[in-house]
Amino acid sequence: MAKKGFRFTVDAPVTLFLVLAGIIVFIINSKYEIIPNFFTCHPLRSPDGSISAADTLFNKKLPLDYIRLFTHVFGNTQAAMLLLNSMFLLLLGPQQEEHFGGFIVVLMTLLSALVSGVLAVCTNTVTATGAGSVIFMLLALAALVALAQGRLRLSWIALFILYLVYRIYELSPEGGTQGAKVADMLGYSMPVFIDLTGGICGSLVGFFITPKKIRGGRSFKASGSVIDDDATIPAERFSAKKSKKKKASAPEDEVIGSIEF
């Protein structure tokens, strides 16, 4: 009797690529500091509103700055940020990638990165870096799927609140919000709300592109058996079954054989 072999399966290639790319960029950045130049989306103007030609600002004539609108999701400037983003990606990504497919997840990721990058450029006060917009996209997508199915998990609400609080706490001055005014809190929390907006926009695209997959694509009979809305019987099989039934049942007035005396 042959023994069953053990093998690894790549169940979520898009999610694994995002995690591995973030780790590789972080390792290289520890020696060469490539994140500020290649994986950070800078604002168009300085915080005081003045136009500057500094390298730290968005340059409309530089193609690299347009590329950084997408690549900033791979930039993690701190080890804690890298670990947290990687854990959330591995926790949320495989489920959504299995449900919607890798292509749809890639499309939503690109749109989330683009929206958050453009908002960071236009706000003129913050820079965009890290996979926060992708994580908010996965969280928002999970919420939309649950709402479309008529349920909302408390575990998801707790997960969303914990990640949101951590992001605000991470950006707060001296690592805390105690004694901070609301205006100041909104100021240093702007990157969080930019990532949240980008994530919601990306998840809405996936919601409208594949509505049947979000609703589950299934309906129930009164007896409780599950019927797939997308399942159809091929016409050839249906006609073959119908012809067999006709051959099996003979007409009532047909004479079968005769009797002689």
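The model is predicted. Across the whole structure, a search finds three salt bridges.

**The network around Arg-167**
- Arg-167, Glu-170 and Asp-195 are joined in a network of salt bridges.
- The side chains of Asp-195 and Arg-167 meet at 3.1 Å, N to O. Asp-195 belongs to helix H9 and Arg-167 to helix H7, so this pair ties together parts that are 28 residues apart in sequence.
- Arg-167 also forms a salt bridge with Glu-170, at 3.8 Å, N to O. These two residues are three apart in helix H7 (residues 154–171), and therefore about one helical turn separates them.
- Arg-167 counts as buried because its relative accessibility is 6%, whereas Glu-170, with a relative accessible area of 23%, is partly exposed.

- Asp-65 and Arg-68 form a salt bridge through their side chains, with an N to O distance of 1.9 Å.
- Their spacing of three residues in helix H3 places them about one helical turn apart.
- Asp-65 and Arg-68 are both buried.

**Helix H5**
- Helix H5 spans residues 102–123, a run of 22 residues. From first to last C-alpha it reaches 32 Å, close to the 32 Å expected at 1.5 Å a residue.
- Its buried residues include Ile-104, Val-105, Met-108, Ser-112, Gly-117 and Val-121.
- The buried residues of H5 pack against helices H1 (13–32), H3 (63–71), H4 (79–100), H6 (132–148) and H9 (190–209).

Methods
Residues numbered from 1 in each chain as written. Predicted model: local features only at pLDDT ≥ 70, side-chain atom pairs only at ≥ 80, totals over all residues. Heavy atoms only, no water. Helix = DSSP H or I, 4+ residues; strand = E, 2+ residues; numbered from the N terminus. Expected span 1.5 Å × (residues − 1). Buried < 20%, exposed > 50% of the residue type's maximum accessible area, 1.4 Å probe, protein only. Contact = heavy atoms within 4.5 Å. Salt bridge = Lys/Arg side-chain N within 4 Å of Asp/Glu carboxyl O.
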